[in-house]
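Hi there,

Here is the structure I said I would pass on. Have a look at it first, and then read my notes below.

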Amino acid sequence: MAHPNIFERQAKVKQLLDENLLTHAVIKKSLSVEFNCSKSAIHADIIHFRTLGTTETIFQSAKTRADIFKRDNGECQYCGNKVAYSYIVEHIIPAYFSGVAKPYNLVWACQKCNAAKRRQVWIPRNFEEITKHHPEWKNKVLVLATKDFRMQNTNEEADSPQPEQQLNH
Ligand SMILES: [Zn+2]
């Protein structure tokens, strides 16, 4: 979801964090109302400012987006759609759960899948390739995942996740 006021919002989050007068829960609650966004968006902002100075960030650069698009061949890594109206770079493990903006946690996904996925963890089609150098992250995803799209045929007519792909665990 696009937030045109994201910079204003992040500035406010940073200000409140710097003042250190409010708990994160209060910041999330009040700013989600003020900026008409989800608490998870504010949570992501808080994580962003708390992790400044490290290599870990939940935000993506333009280059990262381009890299992910190329690696995933412009194909939604869940439903396989290559002609969706709009796409985003999606966190396999959601930012809300401290999913990092590293290529091994990012996939190209259509807005429809992103909206349906919400805070779930889904195993993308290209999972083996995406995580081949990051076995620990791979295991983390496998433990958290509720759906598995690895066996999907990219040619089939599919524009939404299939419920029978639920994993048992
Ligand atoms: Zn999709």
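How many residues does helix α1 have, and how far does α1 reach from its first C-alpha to its last? Helix α1, residues 6-19, has 14 residues and reaches 20 Å. That is close to the 20 Å expected at 1.5 Å a residue (the expected span is 1.5 Å times one less than the number of residues).

Before going on, some ground rules. This is a predicted model, where local features need pLDDT of at least 70 and side-chain atom pairs count only at pLDDT 80 or more, while totals for chains, interfaces and linings use all residues. Residues are numbered from 1 along each chain as its sequence is written. Helices (H or I, at least four residues) and strands (E, at least two) are DSSP runs, numbered from the N terminus.

Back to α1. R9, Q10, V13 and L16 are buried there (buried means 20 or more other C-beta atoms within 10 Å of the residue's own, exposed means 12 or fewer, and partly exposed is in between, with C-beta atoms placed from the backbone). They cover an arc of only 125° around the axis, so they sit on the same side of α1 (the arc is that of the directions from the helix axis to the C-beta atoms). The face turned away from that buried side carries exposed residues, including F7, E8 and A11. Just after α1, N20 takes a positive phi of about 60°.

Now try α2, residues 24-34, where I27, K28 and L31 are buried. Their arc around the axis is only 95°, which puts them on the same side of α2. On the other side of α2, A25, V26 and V33 are exposed. Just after α2, N36 has a positive phi of about 55°.

Next, the strands. β1 and β2 run antiparallel and are joined by five bridges (strands pair if DSSP finds at least two bridges between them). One to look for: V89 has W108 in β2 as its bridge partner. Four of the five residues of β1 are buried.

Finally, the largest nonpolar core has 20 residues, and C76, Y78, V107 and A109 touch the most other members. (A nonpolar core is a set of buried Ala, Val, Leu, Ile, Met, Phe, Trp, Tyr and Cys residues joined through C-beta atoms within 7 Å.) β2 gives this core its largest share, five residues. Another core, of eight residues, lies apart from it, and I27, L31, I42 and A44 are among its members.

Cheers
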